[in-house]
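Here's a quick tour of a predicted protein model.

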Amino acid sequence: MRTLRLASLALFVMLSGGLGIACSDDSTPADAARDSAPGDSATADSAAPGDTGTVDTGGPDCSLVGCASPPACGATCDAVCGCCSCGPTGGTCGTDSDGAAVATNCPTGCYQQTSCGDTGCAVVSGVAVCGSCGTTELIYEGLTTGSAQDCTIDTDCHVLSGQCSVGLGGCYHIVNTDTTHDQIAALGAMYTAASCTSGVCDCAAPPDGARCDAGTCVAM
């Protein structure tokens, strides 16, 4: 009887030890599987704090630098931040290394320079033009006759002094306000630079003012 109890006790200890080992071994693969599962927080935590994922190219910040000046017409823009565009008006007059007049315009988004040679240069209606006697006279006529005298109300009209002192135009011109004193003066300077001067004039006093009469600017 005692022998049977001892055998039963030995069997219980053996079975209990076996179950204990089985529980311990089962926990290891479960933990490993959980640690290696996709979406584990450890993977997300490995990213650098504040990292936006933007690649630093090392180039300039174009929002601060801005675009470069427009290229010459026919040339390729090679600026890192691109080239600015420019409009057909806003031409300028300058001189080259020899002191000759140069007209600079931007007709199609690029700079274009024209050497005026022995003639002058003037900016007329936002466009720089080279002078010659005939060219200057035609431009002057266009600014002082025809549609240059169209109006709707009296305030559309004014009196401008002409450039007859250098042989260009008359003493005074009654025109609309689209034609300005600076335009007329620039043409006179261009006419002189092109050696087109032909005489001087003796002018009477200017009109007292201008008004609009049936759609045309006339003297008051």
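## Confidence

pLDDT is the predictor's confidence in each residue, from 0 to 100. The protein averages 79, with 74% of its residues at 70 or more. Residues 1-48 sit below 50, and this stretch makes 2 contacts (heavy atoms within 4.5 Å) beyond near neighbours in sequence.

Residues are numbered from 1 along each chain as its sequence is written, and side-chain values use heavy atoms, with hydrogens and water left out.

## Helix α4

Helices here are DSSP runs (H or I, at least four residues), strands likewise (E, at least two), numbered from the N terminus. α4 covers residues 133-144, and its 12 residues span 17 Å from first C-alpha to last. That's close to the expected 16 Å, taken as 1.5 Å times one less than the number of residues.

Thr136, Ile139, Tyr140, Leu143 and Thr144 of α4 are buried, meaning under 20% relative accessible area with a 1.4 Å probe, protein chains only. These buried residues fall within an arc of 125° (directions from the helix axis to the C-beta atoms), so they line one face of α4. Their cover includes β4, β5, β6, β7 and α5. After α4 comes glycine 146, with a positive phi near 65°.

## Threonine 179

Threonine 179 lies in the loop between β7 and α5, and it's buried at 3% relative accessibility. Its side chain reaches the backbone oxygen of leucine 143 at 2.7 Å. Beyond four places in sequence, threonine 179 contacts Leu143, Ala148, His158, Leu160 and Ile184.

Conventions: Predicted model: local features only at pLDDT ≥ 70, side-chain atom pairs only at ≥ 80, totals over all residues. Buried < 20%, exposed > 50% of the residue type's maximum accessible area, 1.4 Å probe, protein only. Polar contact = N/O pair within 3.5 Å; in protein donor to acceptor, adjacent residues only side chain to side chain.
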